[in-house]
Amino acid sequence: MFEKIWTRHVVAEGPGGHVLLYVDRHLLHEGATAAFTRLARSGRRVRRPDLSFATADHYVRTAPGSPVPDDEIRIMVEGLGRHTVLQGITYFGVGDPRRGIVHVIGPEQGLTVPGITLVCGDSHTATHGAFGALAFGIGSSEVEHVMVTQTLWQKRPRTMRITVDGRLAPGVDAKDVILAIIAKIGAGGGVGHAIEYAGSGIRAMSMDERMTVCNMSIEGGARAGMIAPDDTTFAYVEGRPLAPRGAAWRQALAFWKTLPSDPGAVFDREVALAAGEIAPTVTWGTSPQDALPITARVPDPADVGETGRRESMVRALAYMGLRPGTPLAEIAVNRVFIGSCTNSRLDDLRAAARVAKGRRAVVPAWVVPGSGLIKRAAEQEGLDQIFLEAGFEWRESGCSMCVGMNGETAREGERVASTSNRNFEGRQGKGARTHLMSPAMAAAAAVTGRLTDVRTLRT
Amino acid sequence: MRAFTRLTGVAVPIDLPNVDTDRIIPARFLRRDRDEPEYASFLFHDVRFSADGLEKADFILNQRRYRGARIVVAAENFGCGSSREAAVWVLAAYGFRAVIAPSLGDIFHQNCFKNGVLPVILPADVVAGLRAHIHAQPGAALTVDLQPQTVSTAGGASHRFEVDPFRKEMLLAGRDEIGLTLGFETKIREFEARHAREMAWVVPPRASA
Ligand code: SF4
């Protein structure tokens, strides 16, 4: 599948095995402001504004009230709006109900479709690969390069297929699958690879779940992660506002059906996991690979032979304030964050609401929908009421405490049960300690005040 | 872009694997202008300075022998995580021009080339050897020479590394990539015409305001 999309987008062969690759979609957020400024300074223009789309997600506040926390950010967000107008780019800005996290609204608007190349100046762009698109994150210089030329110089990555066969056990979801995958291949295991996720365990997933899996490809080191398009994909895309329609839809569909990898396709690396063996998973350390089943205990660095690994474990445990041997399910949390481009879609909110319903949060717990439209849809289903009655905070859409650029951070030393994708030191605020998990597990932590096996809460 | 040819400078060992770009530059500094005079102080900010803004003595960059270091000798997967190019900008602002590691975060690796910083990938045991060498002689200099693709110590040990020929040429010449690509304008036009015929559905309908 990777091959089929790649070949279709080669504009020219360059030196040293590089190709000039055409970009079908360029998604932008506030982080593009620096590139816009350089573009304006050089007097150049965006080559294909009709293929470029922008939103504001990283810096916008998610508390009700003023959408910007301070003047510096106000100037940045307004600047993005001004640049998009000047360049003729569609902008889902503040006040637009379609505004939301860039990786949530691309699919929601029908911009993300199979068979295309899609880039964004953000490392979680692999999310869009869930549709069978070749999607990857780029840096700021590359953003400017795409603005001006609609292309990128790329070297063909190696390919890796990760097959997840079988059925997930009750209480286990897509987040547990990707955390288990990263624990298996390591945070650097996918470097230089484009991953294809396959197998019956993946096929059975909804689009929301597939996006959760592809989203964290970068946490395994891979820039791109893809899933072959099928009827689930087509049903999701059909009728979206910016998806192909009429004759274009039929033409597209015919092409999309040719995309799945041929039966004999060869990958540079193959990895397999049994879906049935995956348990609800949480991280204990400061790298997404530091993941274990909730039934396990905090590992002991003394058991690790390799010096580098042992030292980084000692450091991670010191930062996390954890002692080896402590059962994970006994670790008390101070805060819960349900949101981010990994887990802020309707399926995620439903999963969390099922756990929250009829219970009571004992620590501050935020629910941050991925987009204005998801927020609205959740409210129509009454999810907001379930959360509010359970004492959770129901907020506006955005990246929020996933990265805290908008000032929404956890306090130093606070321990957060989070559905986001990174548990790096300081990611959710200076000195904040992050445990990654699924939305259901995060909701469970909110109602018990500690990391909790969601399966023990079911009635 | 600044050209990179040959560099001799103090090398600093960073032994931890998986150093992410959030640690290299915390998110709250991303809104800052990279031309600000204090930009270099954001490098490794939260591990380099204590809460009262004083340098932490145990952080390696704060040790006297490593002042003015120009080369990072890192462990596996340095620069992983967020795509923030600021991680390279802040390293460059501090004075670093080369990063040697057994592996690098993919996007970080690309971002280095675009900012005149040379990423050097060498086998894990060679890099570990270099780090051990520097730990034994803090303040020791390394020489990174792009044309022959070598890293050498003052003692004369030399290691050859692989580098992409395309990126090498661009770095040696200090060439601007956008300028290069604009030279492919005819090819891009031809591609767009063909793409519009074969995959007409790719252009989305106009969004209503
Ligand atoms: S939700 Fe988090 S990971 Fe996703 S785009 Fe926003 S900041 Fe990045």
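Helix 2 of chain A and helix 5 of chain A are oblique to each other, a word used here for angles that are not under 35 degrees (roughly parallel), over 145 (roughly antiparallel) or 65 to 115 (roughly perpendicular). The axes of helix 2 (residues 33–42) and helix 5 (residues 140–149) of chain A come within 9 Å and cross at roughly 50°. Axes are lines fitted to C-alpha atoms, for helices over the stretch in contact, and angles run from 0 to 180 degrees between N-to-C directions. Helices (H or I, at least four residues) and strands (E, at least two) are DSSP runs, numbered from the N terminus.

This is a predicted model, in which local features need pLDDT of at least 70 and side-chain atom pairs count only at pLDDT 80 or more, while totals for chains, interfaces and linings use all residues. Residues are numbered from 1 along each chain as its sequence is written, chains are lettered from A and ligands numbered from 1 in the order in which they are written, and side-chain values use heavy atoms, with hydrogens and water left out.

On helix 2 of chain A the contact (heavy atoms within 4.5 Å) involves A34(A), A35(A), F36(A), R38(A) and L39(A), and on helix 5 of chain A it involves S140(A), S141(A), V143(A), E144(A), M147(A) and V148(A). These residues divide into 7 nonpolar, 2 polar and 2 charged. Here Ala, Val, Leu, Ile, Met, Phe, Trp, Tyr, Cys and Pro count as nonpolar, Asp, Glu, Lys and Arg as charged, and the others, Gly among them, as polar.

A second pair in chain A is helix 6 (residues 174–185) and helix 8 (residues 207–215), with axes 8 Å apart and an angle of about 20°. These two helices of chain A are therefore roughly parallel to each other. A174(A), K175(A) and I178(A) of helix 6 meet E209(A), T212(A) and V213(A) of helix 8. By class, this contact has 3 nonpolar, 1 polar and 2 charged residues.

Next comes the interface between the chains. In it, 60 residues of chain B are in contact with 78 residues of chain A. The buried area, which is the accessible area (1.4 Å probe) that two parts lose on being put together, summed over both, is about 5,600 Å², and carbon and sulfur atoms give 58% of it. On the chain B side, R31(B), I178(B) and W201(B) lose the most area to chain A, together 14% of what that side buries.

Side chains of opposite charge can pair when their charged atoms come close. A salt bridge is a side-chain nitrogen of Lys or Arg within 4 Å of a carboxyl oxygen of Asp or Glu. The whole structure has 40 salt bridges over all chains, and 8 are found across the interface of chain B and chain A. One salt bridge links E192(B) and R47(A) at 2.9 Å, N to O. E192(B) lies in helix 8 (residues 185–198) of chain B and R47(A) in the loop between helix 2 and strand 4 (52–55) of chain A, so the pair joins two chains. R23(B) also forms a salt bridge with E425(A), the closest N and O atoms being 3.5 Å apart.
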